[in-house]
Amino acid sequence: MSSKKLLVKRSALAGSLLAMAVMSANAQAELTKRFIVKYPSAGEMRTMSAQGLNVMAAQQQMLRQDGVEYKRSMLLDDYHVISVSAANEEELAQRIQELSNSPAIVDIEEDAIMRAFSSPNDPLYDDQWHYFDQQGGINLPNAWERATGKGVTVAVLDTGYRPHEDLVDNLLPGYDMITDTFYSVDGDGRDSDARDPGDRMLKGECPTGPGEDPYPPFDFDSSWHGTHVAGTIAAVTNNGIGVAGVAYDAKIVPVRVLGKCGGRLSDIADGIVWASGGSVPGVPANPNPAQVINMSLGGNGDCDSIYQSAINFARAQGTTVVVAAGNERRNAAKSRPGNCDGVVNVAASNINGAKASYSNSGSVVDVTAPGGEWRIRNDPNGVLSTDNEGTNGPRADAYLTKPGTSMAAPHIAGVVAMMYEVKPDITPTEAENILKNRANTNPLTDNCTGCGSGIIDADKAVAEAAGGIVLPPKGGSSTVEVADYYRWWFWDYGQPTLSFTVTTPEGMKSLEVETSGASGNGSLTVANAQGEGCTGSISNAAGSCSVSNPSAGEWTVTITTGYRSDMSLTATWK
């Protein structure tokens with residue numbers, strides 16, 4: 001079966017492929033669909049004419065049909081874009097059939113919508129603005145063209161994990177480092193089960209120091225904090241469910257150091273050492289030492305010597321330690337471990353690219369990443385990730401948004417994992433310097449001066465880690481033939497005008513359009529929607545015009561020429 005006949009059958013049967021309705025001039029709902037049609041070549045037209053077929057008349061008749069609208073010529077020879085509208089699916093299929101049977105058309109196919117492969121197929125990805133939003137996101141889709149964290153291990157020191165269906169395939173064996181059963185909730189001390197049993201707290205039940213207010217001030221449901229953080233770093237991606245992770249080919253080692261009411265410094269310090277490959281008495285060695293540690297946790301006070309010693313050990317192992325700056329809306333220098341030396345301290349921004357209202361800031365902050373904002377539960381302006389429905393113990397898997405520097409830090413941990421993929425021997429100092437380089441970030445829209453280098457641009461950071469090699473923009477060219485048989489389709493007894501479009505990428509130094517051939521006089525215009533462009537004359541088929549430093553995007557090339565023209569047009573961008 002020919003492609004033309006196959007298309008007709010599909011068009012008649014696959015109503016779901018028809019375009020959304022638009023309003024017609026008489027206010028009736030219409031279906032509209034775009035097609036790419038191929039007209040006969042000059043040689044084919046001569047053969048058809050010799051067989052007695054009036055191809056010119058057929059072409060004119062085709063374009064006069066109800067619902068058929070010519071859109072543009074393409075730079076490939078003989079290819080054009082048209083749209084076909086009809087009152088309903090049956091009428092649209094009939095019109096497509098009539099077009100397919102016309103001698104004016106060699107082939108017809110849908111002008112289908114294509115999408116970049118770097119966009120995951122996870123159905124909730126479109127709600128993860130923090131990855132791709134031009135103002136508030138981290139330019140993650142471009143970074144995925146360079147790396148996805150493959151071969152890199154990230155330890156998440158947090159509340160443990162739930163075996164979420166959108167996370168479990170990226171989990172490695174972890175450890176529960178909590179020694180005190182009051183905090184652990186699971187009824188035992190340290191063991192190899194790092195699952196999160198829940199961390200629900202009742203008002204005033206947590207231990208406090210002399211003179212401190214009761215904590216918590218009201219009941220808190222279980223947070224499933226570690227599962228949310230881990231999902232941001234490495235949720236399984238392109239699996240057709242749920243969300244995407246930043247470094248979705250990385251693996252997570254969950255280290256449970258937080259339980260009900262928080263976690264003890266001694267357990268957290270041991271967790272840092274164990275996660276980075278060190279030896280902790282009474283605990284088996286970590287078979288998967290982490291190149292990156294994420295700690296979305298903290299407390300008041302100066303950096304303790306035990307914290308600093310554990311961090312120094314991890315760095316000596318080649319492990320980069322990423323921490324959250326804190327959510328107290330104060331100077332981040334008052335929050336540990338973000339104020340320790342050698343960590344990557346992360347502030348939070350919102351969907352508008354400004355500092356999040358709760359985020360700590362100050363001179364100890366290194367970089368910023370999206371943490372989102374909440375005004376209502378599951379506010380879409382928060383950070384979307386894997387979660388659980390349980391209010392006390394675990395229940396069904398869920399996907400929820402949360403706000404906080406705790407949500408910002410795993411964005412950076414994921415980016416660092418991608419940096420380790422492209423440069424496995426990168427040092428923690430090198431990683432930190434790349435993140436602190438303002439060339440690899442975007443300024444906050446509120447001009448925050450205590451937000452480090454700015455909002456991370458994942459693509460730029462990973463590019464620098466790969467050796468500072470930013471992929472250069474690619475030049476290109478395209479040629480279209482402007483022969484006299486084109487005129488027959490649009491002959492209006494005047495001077496015909498043809499328009500073509502070309503799309504230039506960013507970073508081009510010039511866009512040059514030239515005509516050449518046997519005959520033709522007229523004019524040439526190149527323009528974009530911003531009013532940039534050039535004009536030139538065509539004499540004996542020779543003409544040209546050029547645009548210096550053309551803006552990225554679509555440009556329209558218009559030729560006004562005589563009826564008997566035989567020339568080619570070439571657009572070159574470089």
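In which strand is aspartate 158 found? Aspartate 158 belongs to strand β6, which covers residues 153–158; helices (H or I, at least four residues) and strands (E, at least two) are DSSP runs numbered from the N terminus. The model is predicted, so that local features need pLDDT of at least 70 and side-chain atom pairs count only at pLDDT 80 or more, whereas totals for chains, interfaces and linings use all residues. Residues are numbered from 1 along each chain as its sequence is written, and side-chain values use heavy atoms, with hydrogens and water left out.

The protein as a whole contains 14 helices and 26 strands. Of its 574 residues, 50% count as buried, where buried means under 20% relative accessible area, exposed over 50% and partly exposed in between (1.4 Å probe, protein chains only). Among contacts with a separation of 6 or more, 69% come from residues 24 or more positions apart, contact meaning heavy atoms within 4.5 Å.

Aspartate 158 has a relative accessible area of 0% and is therefore buried. Beyond its neighbours within four places in sequence, aspartate 158 is in contact with residues including His225, Gly226, Arg256 and Ser296. An unreviewed UniProt entry lists Asp158, His225 and Ser406 under "active site"; UniProt positions are given in the numbering used here, feature names are shortened, and annotations may be inferred rather than shown by experiment. These residues span 249 residues in sequence, yet no two of their C-alpha atoms are more than 10.1 Å apart, so they gather at one spot.

Elsewhere, helix α9 (residues 265–275) packs with helix α10 (residues 305–316) at an angle of about 10 degrees, their axes lying 8 Å apart. Axes are lines fitted to C-alpha atoms, for helices over the stretch in contact, and angles run from 0 to 180 degrees between N-to-C directions. The two helices are therefore roughly parallel, a term for angles under 35 degrees. On α9 the contact is made by Leu265, Ile268, Ala269, Ile272 and Val273, and on α10 by Ile306, Tyr307, Ala310, Ile311, Phe313 and Ala314.

Proline 214 touches Gly204 and Thr208, leaving out residues up to four places away in sequence. The C-alpha atoms of proline 214 and lysine 203 are separated by 7.7 Å, the two residues being eleven apart along the chain.

Notes
Angles under 35 degrees count as roughly parallel, over 145 as roughly antiparallel, 65 to 115 as roughly perpendicular and the rest as oblique.
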